[in-house]
Structure formats: C-alpha cells, structure tokens
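Subject: Structure handover

Hello,

Here is the structure for your files, followed by notes on what was found in it. Please read the cut-offs along with the values.

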Amino acid sequence: MAQSTETTDWVSRFADEVIEESARRAPGKPLVVASGLSPSGPIHLGNLREVMTPHFVADELRRRGHQVRHLISWDDYDRFRKVPAGLAGVDESWAEHIGKPLTSVPAPPGSAYPSWAEHFKAAMVEALAELGVEFDGVSQTAQYTSGVYREQVLHAVAHRADIDAILDQYRTKKAPAKQNQQKPLDEAELEAAEGSGAAGEDDGSAAAGAGSVGYFPYKPFCGNCEKDLTTVTSYDDDTTELSYTCTACGFGETVRLNEFDRGKLVWKVDWPMRWAYEGVVFEPSGVDHSSPGSSFQVGGQIVGIFGGTQPIGPMYAFVGISGMAKMSSSKGGVPTPGDALKIMEPQLLRWLYARRRPNQSFKIAFDQEIQRLYDEWDKLDAKVADGSALPADVAAHARAVGTAGGDLPRTATPLPYRTLASIADITAGEQEQALRILGELDPENPLRSLDEARPRYDKAEAWINTQVPADQRTIVRQEPDAELLKSLDEAAQQSLRLLRDGLADHWSLDGLTHLVYGVPKVQAGFPADATPKELPPEIKTAQRTFFALLYHLLVGRDTGPRLPTLLLAVGQERVRGLLGE
Ligand SMILES: [Zn+2]
C-alpha cells in the first residue's frame, strides 16, 4: 500500500475531519464520500472538481488503511432541461424530449449507448478510469424506478408540511445585501453549473398551483408522455392514493404512491434524502449550491427529517479553461475531461486539482501555457526525486502520480513536453523522422523507440494538432532565402559560418544549446562558455538578433520552437543548406 502523505495539505486535513465525523456518526462503518454528476450533455471539465475533491480525500483515507466508498450519484433521473447547442445530429427537434428523465431521451445519432444519459456518462467513466479514480457509480434512475427509495418518498410526502416550513424560511428571506452578493457567473461558469445539478434548484413549490394539493415534494413523470410537467391534484395520506394530471398531454391518472416508482423527489429534498440514505460524511459542492437559501444550506435542515446529518461540504471554486481552440461541432464546444486527457497525462491533470485547495480557482491550459505547466511539473518531479521538494509539494506530487492502489502508468522516458511538441510540430506526423530527432537529443543515451516517449509524445502531438492554430505551426523552408542571405553584412555572415562549423561537434540538445548561445560570445571576443556575469549586457541583444536571423532563415518567421530542437529536427544537411553553405 502506498504511504500516507504525512503533511497537512488540504486533503489530509479533510481526511482527519472525515475520520472524526464518521467515528461520531457511525463507528466501525465504511467511510462514505460522495459526488453527484448530471449527464445532461457533455460533462464539463470544470465539473471534474466535483469528483476529484472527494477522490483525493477517499484516496488519503485508503492510504491510511480505512475502508472507503466513493459514491458517484449519476443524476440521470433528472429532467432533460434543454437541447445543448452544437452536438452533431442533435437539432431543435430534440426539444420534444424536454421534461423527460435523461435516461428516457434517445442518445445522439450513432451512439453505442441506449440513452442520452448513458451516452454522456460513458465518456466520463472512461476519463475517470484513465485518471485512476476508484468509485461506486449509482444510477438514480435505477434507484427510483426499482423502488429503493420508496420508504423515503413516502416519508417525505408524509412530512411535506415540515419540509414546506423549512423551505418557507428561505422563500420569504430576501436576497442578501448587494455587497455580499457573489459576482455573476461568467459564461464558462454557467456552462459548468449546467452539469452540476444546480440547474435543478426546484423545491417543489411550483406544484402548488391552481388545482393542486399545495406543496408537494414529489413529482411523477407522466404515464403517457414521460414528462415531468405534472400537477399532483390530490393525495390521501391514509391510502397513499395520488392523482395527477399532465399539462403537456392532458393525461391523468390515480396511483398508489406506496407501489408507484415513476417519479422523484424534488432536488432540494432529493439531495438531503440521499445524504441520509447513504450516510454521506463528505460531499463538496460548487459555489452555485452554497449561497444562502441554496440546496446545500436548506438540505442541512431537511436532512434531519430523514434522520441524517449534513455532510462536511466544502465549497469549491470554478475551474476555468484557458485557450481551448474551438472544438469540432460534434462536441458542442464544451471541454470535457476526455479532451484534457488527449493533450496531457493523467498525472498532470490530477496535480492541477491536488495542488490547489478547493476554494482556490485555477485554469486548465489548452494554450501555450501547457508547456510551462509541464516544465513546472518536470521540475517538481526532479525535486521530489532528489529530496529537495517542500512537504506540501511532495504531497501534491504523490497524489498526482498514484493512488492507494499503486502508481498510474507513466511515460518511461519523460522528455520535455515542449520539445516533444516542437518535434511533433516540425515532423507533422512522420514517426521515423520524429524518432531520428528524439534519438539525437541525447546521443549518450539515445531513445530507441517512440514508445519510450509515450504516452507523453502522443499527448504533445495531439496538442499540436488540435490546439495550435495553423498560423502558429512551424513550416521549415524548402529553399534557402537567397535574398536575405545575400543582404547580410560581414558580421552576420561570420555568425552563420561559426554556427555551421560547430554543428558536427555539437549535434545534441545540450551541444547545440551551447553552440547557439556561444556564437555571439565568440564573435564579441569572449570564450563560448563565458557566464552571463562575465559578459557585457550587449551580448543579450546580439544573441536575440542572431536567433531572429536563424528563425528567418529556417522557418521564415521571427520566432519558433527552441533553436536546438529546431536544428535537430531540420537535420544537419538541411540546416547547412538553409544557412547558406
Ligand atoms: Zn403527459
């Protein structure tokens, strides 16, 4: 078993709290942490925090030897609220399914799954497996339709006046004073909130319209059209006889609630019912659930009606995405955990979540920033290996690379992501050429197969192909820029000569780094290995000018991939030609 990370990072502190709470509430029982996800469309990458927060806590508890159940509630019995834009094969005609449970809506065309909910759930399940998240998924459709919650439903309906009284305290309460209000959610945050159940802040009071029985915390799905646009018109507490009519199709019927399984508790009652039913001790929620009068707060009172206690529920901040290129229309433009895992290893994605406390927001980089993130990650990896990392960083690293069950599969030779990205960029899918360049990076210790650099190489290649705009891709010149070469003064020509003459002896990543920085030093009369302290500041300007010249001659632009990588990629012969030999 992996060792407990003996530090006081946020995960460790929550684990302490969970142990203490569980010992008080249910001594000797397995610890239960929970997440809830609504497969109402592609599940937004930001919603991954809903899972990762309890995952890290569950994992820490397992490392300490506890039995833990990480419950993921698939809120697939929620109503289909709206047709997501931009999904291939899904047009406005799908609006006819609005109001049905997500498991009763057909999957998008071409899907291998039987329903809308199953289709979008499957992509998330796949991503969670790659991320090493161990969980117990529970379909709320299966729970409700098999009558698992029948007693809880009857109990809630019997105590509807008590529930109504609790909800009423919040209904009459005005919104908090302006200065306390949360800033409005931006578009990305709203998108993220869509998938988190926030959309279902229904408390059942809508049922109290004309002709209804007053407040009713349970909603039947119509026996004819399957929609939840039903109004309960009468209920007999003694017989549990319930009558409803459907405003969508006019259908109506009378059923016995003690044997009826086609409906669900409204969200604000459903959630605390499940805390009590499952004995949940830890379940975080997004900022949208945590404002005054929101479902988490109200649930804290309603859960008592079911004989339970509110879980420890930290509020987590939204996770943003930086620079995701417009996704193909089949994805509806929503970045999913699967999209992130195409361009980064699961360790990096785990690390992004592990190193920030849940109430800190952060961004997941789909743009150039991903290269810097990877540099930071590799630096941390090296520090952990040589024992020089800080304890909190060691903890985040340990949570990123593995779980109580063992380490996640890792890239055997983790070459720098930016180098791999540059090579993938320049070679444009030619694997043989990529392998040649990778083999020359470190001639002492050459890479023998691309597989040694995988899966990191594949992620960097996917990033280049899907996220880097065409005008930022590198295209090596086919022919030398004769005009530019002819216009160069003597000094510039000398610098190219010095470079060409050094190529053969410096043909490795380190060697070429030394060479390209050294040429301007030698030209100015200093030794090639002189350190910055021994050099006048003008050398920096000379280096920049020299680099710009090389980029122009090699790729016809001001900038490009790091020069040593670019030179290796282009190959000695071709470099000589392009540099005027
Ligand atoms: Zn109907």
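Two strands are said to pair if DSSP finds at least two bridges between them. Strands (E, at least two residues) and helices (H or I, at least four) are DSSP runs, numbered from the N terminus. This is a predicted model: local features need pLDDT of at least 70, side-chain atom pairs count only at pLDDT 80 or more, and totals for chains, interfaces and linings use all residues. Residues are numbered from 1 along each chain as its sequence is written, and side-chain values use heavy atoms, with hydrogens and water left out.

Sheet

β1 and β2 (residues 68-74) are parallel partners over 7 bridges; within this pairing, L31 has V68 of β2 as its bridge partner. The open sheet has 3 strands in the order β1-β2-β3, with parallel pairing. Its edge strands, each pairing on one side only, are β1 (31-37) and β3 (136-139). From one strand to the next the twist averages 25°. Helix α2 (residues 48-63) packs on the sheet and touches β1 and β2, its direction making about 165° with that of β1. For such angles, axes are lines fitted to C-alpha atoms, for helices over the stretch in contact, and the angles run from 0 to 180 degrees between N-to-C directions.

Zinc site

C222, C225, C246 and C249 coordinate the zinc ion through their SG atoms, at 2.3 Å. Donors are N, O and S atoms within 2.8 Å of the metal (3.2 Å for Na, K and Ca); water is not among the atoms, so sites may look incomplete. The angles among the 4 donor atoms are 104 to 118°, and the site is tetrahedral (four donors with all angles between 85 and 135 degrees). Along the chain the donors follow the spacing C-x2-C-x20-C-x2-C. C222 and C225 are both buried, meaning under 20% relative accessible area with a 1.4 Å probe, protein chains only.

Cores

A nonpolar core is a set of buried Ala, Val, Leu, Ile, Met, Phe, Trp, Tyr and Cys residues joined through side-chain atoms within 4.5 Å. The largest has 102 residues, and L349, Y353 and I364 have the most contacts inside it. Helix α20 (residues 538-555) supplies the largest share of this core, 8 residues. Another core, of 29 residues, lies apart from it and includes Y77 and Y149.

R418

R418 lies in helix α14 (residues 417-427). Its relative accessible area is 19%, so R418 counts as buried. Leaving aside neighbours within four places in sequence, R418 is in contact (heavy atoms within 4.5 Å) with Q371, R372, D375 and R562.

Regards

Note on methods
Four donors count as tetrahedral if all angles lie between 85 and 135 degrees; four count as square planar and six as octahedral if opposite donors are over 155 degrees apart and all others between 65 and 115; anything else is irregular. Buried means under 20% relative accessible area, exposed over 50%, partly exposed in between (1.4 Å probe, protein chains only).
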